[in-house]
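Look through the sequence and the structure first, then read on.

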Amino acid sequence: NPWGPNEPASVTLGEEAWLQGLVLLSVAYGALLVLFIQCFALLWKQTNRSNYKTKVPFLIIVFLIFAFGTMFTGATAKFTQLGFIEDRNFEGGPNAFLNEMFAIPVDALANVCFVLSQRLCDALFVSDVQFDPP
């Protein structure tokens, strides 16, 4: 390919995997958005004055999971933009950028949001609360 990069196949493969991973993350974010809307709407519909104190914490947890997922997706997209566009000439290319700059604030934000959302999901799994049928 005359327009292809002048890089070894292993470097190109790593960059392709990173970029395709971001595309798959966008698909997963779409699923998160749909699930958030469904869960939040159902919980909101079931909330009334008699069960307000038991439903509101779940509304908050569902919202926080969605907020952390949104921040994770945005921070990951920004980190990918940094590696492929803004710092493209980093010595070793985007793959080296990924390996060397994993601790910059935008990537740290993504990692923190991911861990926090996973902890909230685990909290929902271990909770012993029964939901009302729709």
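The model is predicted.

**Helix H1 and its crossing with H3**

Helix H1 covers residues 9-46. H1 has 38 residues and reaches 55 Å from its first C-alpha to its last. That is close to the 56 Å expected at 1.5 Å a residue.

Which residues of H1 are buried? They are Val 11, Glu 15, Trp 18, Leu 22, Leu 25, Phe 36, Leu 43 and Gln 46. The buried residues of H1 pack against H2 and H3.

Two packed helices are described by the angle between their axes and the distance between the axes. Helix H3 spans residues 93-100. H1 and H3 pack at an angle of about 65°, and their axes are 8 Å apart. The crossing of H1 and H3 is left-handed. On the H1 side, Ser 10, Val 11, Gly 14, Glu 15 and Trp 18 make the contact.

Helix H4 runs over residues 105-126. At 1.5 Å a residue, its 22 residues should span 32 Å. The end C-alpha atoms of H4 are 31 Å apart, which agrees.

Buried in H4 are Val 106, Asp 107, Ala 110, Cys 113, Ser 117 and Leu 120. Why do the buried residues line one face of the helix? Seen down the axis of H4, they fall within an arc of 150°, so they line one face. An α-helix has 3.6 residues a turn, so residues three or four places apart point the same way. The buried residues of H4 pack against H2. On the other side of H4, Pro 105, Arg 119 and Val 126 are exposed.

Take Ser 117 in helix H4. Ser 117 counts as buried because its relative accessibility is 8%, and the cut-off for buried is under 20%. Leaving aside residues up to four places away in sequence, Ser 117 touches Ile 65 and Phe 68.

Val 115 is also found in H4. Val 115 and Phe 68 are 47 residues apart in sequence. In space, their C-alpha atoms are 9.1 Å apart.

| Residue | Relative accessible area | Class |
|---|---|---|
| Phe 90 | 27% | partly exposed |
| Phe 97 | 0% | buried |
| Phe 114 | 42% | partly exposed |
| Val 115 | 40% | partly exposed |

**Aromatic rings**

How many aromatic pairs does the structure hold? It holds 10 aromatic pairs. One of them joins Phe 72 and Phe 114. Their rings lie 5.5 Å apart, centre to centre, with 45° between the planes. That pair is tilted. The pair links distant parts of the chain. Phe 72 sits in helix H2 (residues 52-86) and Phe 114 in helix H4, 42 residues apart.

Phe 90 and Phe 97 also pair. Their ring centres are 5.5 Å apart and their planes meet at 85°, so the pair is edge-to-face. Planes over 60 degrees apart count that way. Within this pair, Phe 97 is buried, whereas Phe 90 is partly exposed.

Which residues form one aromatic cluster? Tyr 29, Phe 36, Phe 40, Trp 44, Phe 63 and Phe 66 do. Phe 36 is also among the buried residues of H1.

Conventions: Residues numbered from 1 in each chain as written. Predicted model: local features only at pLDDT ≥ 70, side-chain atom pairs only at ≥ 80, totals over all residues. Heavy atoms only, no water. Helix = DSSP H or I, 4+ residues; strand = E, 2+ residues; numbered from the N terminus. Buried < 20%, exposed > 50% of the residue type's maximum accessible area, 1.4 Å probe, protein only. Phe/Tyr/Trp six-rings, centres within 6.5 Å; stacked < 30°, edge-to-face > 60°. Expected span 1.5 Å × (residues − 1). Arc of directions from axis to C-beta. Contact = heavy atoms within 4.5 Å. Axes fitted to C-alpha atoms, helices over the stretch in contact; angles between N-to-C directions. Left-handed = near helix turned anticlockwise from the far one by under 90°.
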